[in-house]
Amino acid sequence: MSKLTQSAAWQALNAHYAIVKTQHMRQIFQDDPERAGKFSLQFDDLFFDFSKNRINAETIQLLVALAEQAGLPAYIEQMFTGVKINSTEQRAALHTALRNRSAQAVYVDGKDVMPDIRRVLGLMRRFSDAVRNGQHVGHTGKAIRDIVNIGIGGSDLGPLMVCEALKSYASPQLNVHFVSNIDSAHLSETLKKLDAQTTLFIVSSKTFTTQETLTNARSARAWLIEQLGDEQSVAKHFAAVSTNLEATSKFGINPENVFEFWDWVGGRYSLWSAIGLPIALYVGMDKFEELLDGAHAMDNHFRSAPLDKNIPVLMGLLGIWYGNFFGVGSNAVFPYCQYLHRFPAYLQQLDMESNGKGTDREGNAVDYDTGITVWGEPGTNGQHAFYQLIHQGTRMIPADFLAPLHSQAPLGEHHAILLANCFAQTEALMVGKTSAEARAELVAQGMQGVALEALLPHKVFAGNKPTNTLLFDKLDAHTLGKLIALYEHKVFVQSVMWNINPFDQWGVELGKQLAGKILPELLNNTPAVTPHDASTSGLIQYYQKNH
């Protein structure tokens, strides 16, 4: 057994779990009418109700003891102060510095990084303002109307999610598109909609070598030149977020339109950097800075609030409770807000790429579960699709429900109906429906005898399914920044508990390496130069024969 699972705090939680696992939340609420107030927190306009969890006051005390045993407060401070907590790559993880709105310096290797951060923000404002007000025009003198972001992973999911979330604030003169997949259909279908004279491409790749991104960028470049008939047009229609100035210059991008970021910015934490350029273009730099302001507010809460009153800490610890003691394998996120329809997809990368690790910081294989499958779709769509599994399936799936009190697109009774469904689902998941209640309903409907007895088991809901509810006033840029930072910190909390590094992603490298060996075989239709297993060799041969 590892030090973690042998520790006093872990063993105390194990003993506590044996008691709590048999308790039903329906009864717990009946026994304590004040429970909702005891297990909820307010931060600015964000209201966090975690009362519908299989916990009591002792659970929180024991989970906080686990966090203290793991040294969580010290790790939080190390992250904020530029310590190289990304140990396998010997880097800091300073996404929090990107949204530091205070006058406080942040040092990496003895250098204050804040002047460079503010300088790049200024460059982003200059460029985005020029595009939005028509000062930066295309090769033929026409104003830019379409922005195409070419990236993948963190260079795609974050900006895409934010642009969708803040769509109601976007300039009516601009459309934004995101191309990430190497499947040519993604780029081709996007280009069909565009006029080359009014299109701006942003290529987001730190090294300017990412295979998928550069392949799409080169094809977009060829399309632009074909449409406009002049290679010089690239300078007006391409910008880049990269540190490789030589490569971007060779591509034909004006150096003034290349925006840098730093090696202490992880891809899935990078939307706060120049990777957020499409956000600034689409909704304006003022809104982008409001996004930073919101994240900074959550950073301050995370850094200063006591552990038992700290929303990201409690969310992270509840994930440990369910994942490591109840044996839960997935966590659902259900935004009752159409603008957040890409938020679960964004969280998939944030959580699963960060904490999908089987080796601790010291290089030892762990003997406990880490990471969790994150998934979700907007409500109420999910209610008519997969909620059945959560309500009556055999697996426990804790879920987060997110909803604004006010809609950005009010229309009749729509929003009241939306929230009624949101609140009803968390209630139904908690209370369930007993056999006696189901029987009474069927009798009231006129059913009796054999027919009633046959249907009755199918109408029973076990309940006792845990949920968190996050309510906020409305989905503006400031609130969105808080929500994103909240989940970033939740993931970090769990990484500290598990003693893993959430800031590297070595697991994505192996597939890339092998693809590099297979590609020449597919392109040249030649026998394998390097040995493969029988299945992979067969697939390559089948392609060569039938392509």
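Figure 1. The model shown here and in the following views is predicted. N464 is placed in the loop between α21 (449–455) and β13 (467–472). Although N464 is not a glycine, its phi is positive, at about 65°. The C-alpha atom of N464 is separated by 8.4 Å from that of K52, a residue 412 positions away along the chain.

**Figure 2. Close-up of K52 and its surroundings.** K52 belongs to the loop between β2 and α5. Its relative accessibility is 15%, and K52 therefore counts as buried. When residues up to four places away in sequence are not counted, K52 touches M25, F29, T426, E427, M430, K465, P466 and T467.

Figure 3. S51 is situated in the loop that runs between β2 (46–49) and α5 (57–69). With a relative accessibility of 1%, S51 is classed as buried. Neighbours within four places in sequence aside, the contacts of S51 are F29, R35, A36 and F39. F29 is listed among the contacts of S51 and also among those of K52.

Figure 4. F208 is found in the loop between β7 (199–204) and α11 (211–228). The phi angle of F208 is positive, at about 60°, although the residue is not a glycine. F208 has 5% relative accessibility and so counts as buried.

**Figure 5. Close-up of the cis peptide bond between G379 and T380.** The peptide bond that leads from G379 to T380 is cis, and its omega is near 10°. T380 is located in the loop between β11 (373–375) and α18 (387–392).

**Figure 6. Close-up of the salt bridge between R268 and E353.** R268 and E353 form a salt bridge in which the closest N and O atoms are 2.8 Å apart. The pair links distant parts of the chain, 85 residues apart: R268 is in the loop between β9 (258–259) and α14 (277–283), and E353 is in helix α17 (residues 343–355). R268 is buried, with a relative accessible area of 4%. E353, by contrast, counts as partly exposed at 22% relative accessibility.

Figure 7. In the salt bridge of E289 with R101, the closest N and O atoms lie 3.4 Å apart. E289 is in helix α15 (residues 285–304) and R101 is in the loop between α7 (95–98) and β3 (107–108), so this pair ties together parts that are 188 residues apart in sequence. R101 is partly exposed, its relative accessible area being 33%. A network of salt bridges links R101, R125, D286, E289 and D293.

**Figure 8. Close-up of the salt bridge between K38 and D32.** K38 and D32 form a salt bridge, and their closest N and O atoms are 3.0 Å apart. K38 is exposed, with a relative accessible area of 51%. The limit for the exposed class is over 50%. The count of salt bridges comes to 24.

**Figure 9. The protein chain as the setting of the close-up views.** The secondary structure of the chain comprises 24 helices and 13 strands. A compact globule with 547 residues would have a radius of gyration near 24 Å, and the 26 Å of the protein chain agrees with this. Along the principal axes, the C-alpha atoms fill a box of roughly 80 × 60 × 60 Å. Of the 547 residues, 52% are buried. Among contacts between residues at least 6 apart in sequence, 75% join residues at least 24 apart. The accessible surface of the chain is about 23900 Å², and 53% of this surface belongs to carbon and sulfur atoms. The chain carries 45 positive and 54 negative side chains, and the centres of these two sets are 2 Å apart.

Note on methods: Residues numbered from 1 in each chain as written. Predicted model: local features only at pLDDT ≥ 70, side-chain atom pairs only at ≥ 80, totals over all residues. Heavy atoms only, no water. Helix = DSSP H or I, 4+ residues; strand = E, 2+ residues; numbered from the N terminus. Rg over C-alpha atoms; globule rule 2.2 N^0.38 Å. Buried < 20%, exposed > 50% of the residue type's maximum accessible area, 1.4 Å probe, protein only. Contact = heavy atoms within 4.5 Å. Areas by Shrake-Rupley, 256 points an atom, 1.4 Å probe, with all protein chains shown as cover. Lys, Arg positive; Asp, Glu negative; His and termini not counted. Charge placed at Lys NZ, Arg CZ, Asp CG, Glu CD. Salt bridge = Lys/Arg side-chain N within 4 Å of Asp/Glu carboxyl O.
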